[in-house]
Amino acid sequence: MNAPDYLKRLKSGLRGFSPKKRTVLLEEIAGHIEMAQNDPGFAADPEARSQRLAAEMGSPGDLSRALRNVYRPSRWLDFLLVVFPTIFFLTGALQNFLFEYIEPWVSRNASDVSPVIYMPVYIASLVILIVVGILRGSKSLWVYWLSLAFLFSLLMCDASRFYDLRIDNPHMILSALIVEFAWLPVLVGLAVWLVLIALHSHETLVRVMALLPIILTAGGLVRVLVWGPFGPTVGYSGGPRVELICSYYIPLLLSVLWPALFYLFQNRLLRWLGLLVYAISLSAVDPYVWVYTDYPGLILLWNLPLLLVVCAWVVEAAQGRHIYLKPDA
Amino acid sequence: MAEIQQLPKSSAPSLILSVLAEGNKHGYAILRELDQRCGGYFSLTAALLYPALHQMEQDRLVTSRWEQSVGQPRRKVYAITPAGRKRLNSGQAGWRRFISRLSKSKGEPDDFISGDSR
């Protein structure tokens with residue numbers, strides 16, 4: 001293997017690093033090879049020089065693997081990235097499902113006690129996940145968890161909002177207004193985030209990931225503009241259990257577990273799959289799924305994230321073009 | 001019996017630190033210095049050297065900076081830090097103790113390793 005081949009294979013092995021980091025690493029190794037080629041004391045003749053250099057450099061695969069191990073985030077952080085979203089999800093799921101079983105012994109008012117049990121776990125899980133994102137050096141990760149914390153704090157303004165969004169319920173008007181008009185500042189915040197990512201990242205995966213929430217939020221704004229502040233929404237109001245699972249638990253599970261797929265793996269296919277899971281969690285958000293049939297425009301609006309991921313994935317596969325950033329970018 | 005020429009991965013940092021203790025060097029110069037010291041007996045590949053250097057930089061045992069000479073491509077030069085010197089000293093003492101105990105357990109004389117620092 002000659003020097004250009006070695007460097008080409010090394011470059012390929014360093015995918016997942018930022019272009020800047022990869023360039024610097026390649027420059028250092030290329031410098032080593034160049035010095036060996038120009039050092040008269042390195043070997044007596046070109047044949048011996050070539051053999052000694054090959055032995056000294058070792059395999060480009062070994063070198064790239066060892067370098068990836070140096071720069072990979074701590075496995076403890078990876079562990080937390082799986083465990084705490086799971087705790088977050090299970091707390092939400094159990095507090096609803098367990099209630100059914102304790103109801104015979106506890107009055108219905110016991111639901112007032114429920115937030116006391118699950119809220120500390122929610123808050124602790126989200127704080128830990130934000131810290132994990134910061135420790136991994138991943139802005140996109142901690143911004144995601146921060147946005148999720150913001151979303152939950154909005155929804156927790158009135159917990160019953162989870163169950164009834166109809167305008168004919170006077171108790172819901174204030175909290176509904178807060179949530180509906182929160183679209184605009186959220187949209188501005190997301191736009192700033194998107195610009196920052198566009199400026200600092202050349203990684204298609206990261207750019208698409210940053211686009212997903214802004215597309216959904218823009219969709220929410222369109223809905224407010226077209227159908228009014230409350231929109232054509234029909235809340236969940238004690239329907240069949242299967243509807244609750246499909247419209248709430250599955251999207252919640254997907255939305256907290258997609259970062260594990262996206263951030264823990266360096267395999268590009270799995271990272272695209274992570275984005276697809278993210279888009280599905282956004283597209284299947286309660287309560288809008290139940291009005292798709294009455295408002296066909298919403299079908300397209302709420303599936304734009306899914307459409308974007310699929311299109312970007314197909315375009316990248318067709319171009320065979322991979323621009324890589326460090327795994328936790 | 002086969003000779004032990006392949007250096008274990010764990011010994012690379014102490015060897016690199018011992019070279020850098022004598023002055024700042026880039027990766028190629030570190031390998032040449034090690035070659036010279038052991039007469040080419042031990043083999044340390046680039047696949048072992050550079051990851052070790054980068055790990056040591058993250059552990060703040062060494063620092064690096066790019067140096068540009070006239071008419072030459074720039075080179076990344078490494079320097080040992082005070083923490084690196086401390087690690088080197090403690091590592092050398094520990095290594096001497098290990099060799100000494102190994103020699104004794106094999107029934108070799110006490111003075112087999114000079115400078116035994118028990």
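Student: In what order do the elements of chain B run from the N terminus on?
Tutor: They run α-β-α-α-β-β-α. That comes to four helices and three strands in chain B. Helices (H or I, at least four residues) and strands (E, at least two) are DSSP runs, numbered from the N terminus.

Student: And what kind of model is this?
Tutor: This is a predicted model: local features need pLDDT of at least 70, side-chain atom pairs count only at pLDDT 80 or more, and totals for chains, interfaces and linings use all residues. Residues are numbered from 1 along each chain as its sequence is written, while chains are lettered from A and ligands numbered from 1 in the order in which they are written.

Student: What scores does the model get?
Tutor: ipTM is 0.80 and pTM is 0.57. Chain B has an average pLDDT of 81, and 82% of its residues score at least 70. pLDDT is the predictor's confidence in each residue, from 0 to 100.

Student: Which elements of chain B have the lowest and highest mean pLDDT?
Tutor: Helix 4 (residues 82-105) of chain B is lowest, with a mean of 82. Strand 3 of chain B is highest, at 94. Where pLDDT is low, the predicted coordinates should not be read in detail.

Student: OK, the sheet. What is the strand order in chain B?
Tutor: The order is 1-3-2, in an open sheet with antiparallel pairing. Two strands pair if DSSP finds at least two bridges between them.

Student: Which strands stand at the edges?
Tutor: Strand 1 (25-26) and strand 2 (62-67) of chain B. Each has a single partner strand, so one side of each is left without a neighbour in the sheet.

Student: How many bridges join strand 2 of chain B to strand 3 of chain B?
Tutor: Six, and the two strands run antiparallel. R65(B) has V77(B) of strand 3 as its bridge partner. S64(B) is bridged to Y78(B), again in strand 3 of chain B.

Student: How many join strand 1 of chain B to strand 3 of chain B?
Tutor: Two, also antiparallel. K25(B) has Y78(B) of strand 3 as its bridge partner.

Student: Now helix packing. At what angle do helix 1 and helix 3 of chain B pack?
Tutor: About 80 degrees for helix 1 (residues 12-20) against helix 3, with the axes 10 Å apart. Axes are lines fitted to C-alpha atoms, for helices over the stretch in contact, and angles run from 0 to 180 degrees between N-to-C directions. That makes helix 1 of chain B roughly perpendicular to helix 3 of chain B. Angles under 35 degrees count as roughly parallel, over 145 as roughly antiparallel, 65 to 115 as roughly perpendicular and the rest as oblique.

Student: Which residues make the contact?
Tutor: A12(B), P13(B) and I16(B) come from helix 1 of chain B. Helix 3 of chain B brings L48(B), L49(B), A52(B), L53(B) and M56(B). Two residues are in contact if their C-beta atoms, placed from the backbone, lie within 7 Å.

Student: How does that contact split by class?
Tutor: Eight nonpolar, no polar and no charged residues. Ala, Val, Leu, Ile, Met, Phe, Trp, Tyr, Cys and Pro count as nonpolar, Asp, Glu, Lys and Arg as charged, and the others, Gly among them, as polar.

Student: Switching to the interface. How many residues of each chain are in contact?
Tutor: 14 residues of chain B and 16 residues of chain A. Helix 2 (27-38), helix 3 (46-58) and strand 3 (75-80) of chain B each supply at least two residues to chain B's side. Helix 3 gives the largest share, seven residues. By class, chain B's side has seven nonpolar, five polar and two charged residues.

Student: And chain A, how many helices and strands?
Tutor: 14 helices and zero strands. Of its 329 residues, 29% count as buried.

Student: Is R271(A) buried or exposed?
Tutor: Buried, because R271(A) has 21 C-beta neighbours inside 10 Å. A residue is buried if 20 or more other C-beta atoms lie within 10 Å of its own, exposed if 12 or fewer, and partly exposed in between; C-beta atoms are placed from the backbone.

Student: What does R271(A) touch?
Tutor: L205(A), F262(A) and F265(A), not counting residues up to four places away in sequence. R271(A) is in helix 12 (residues 268-283) of chain A.
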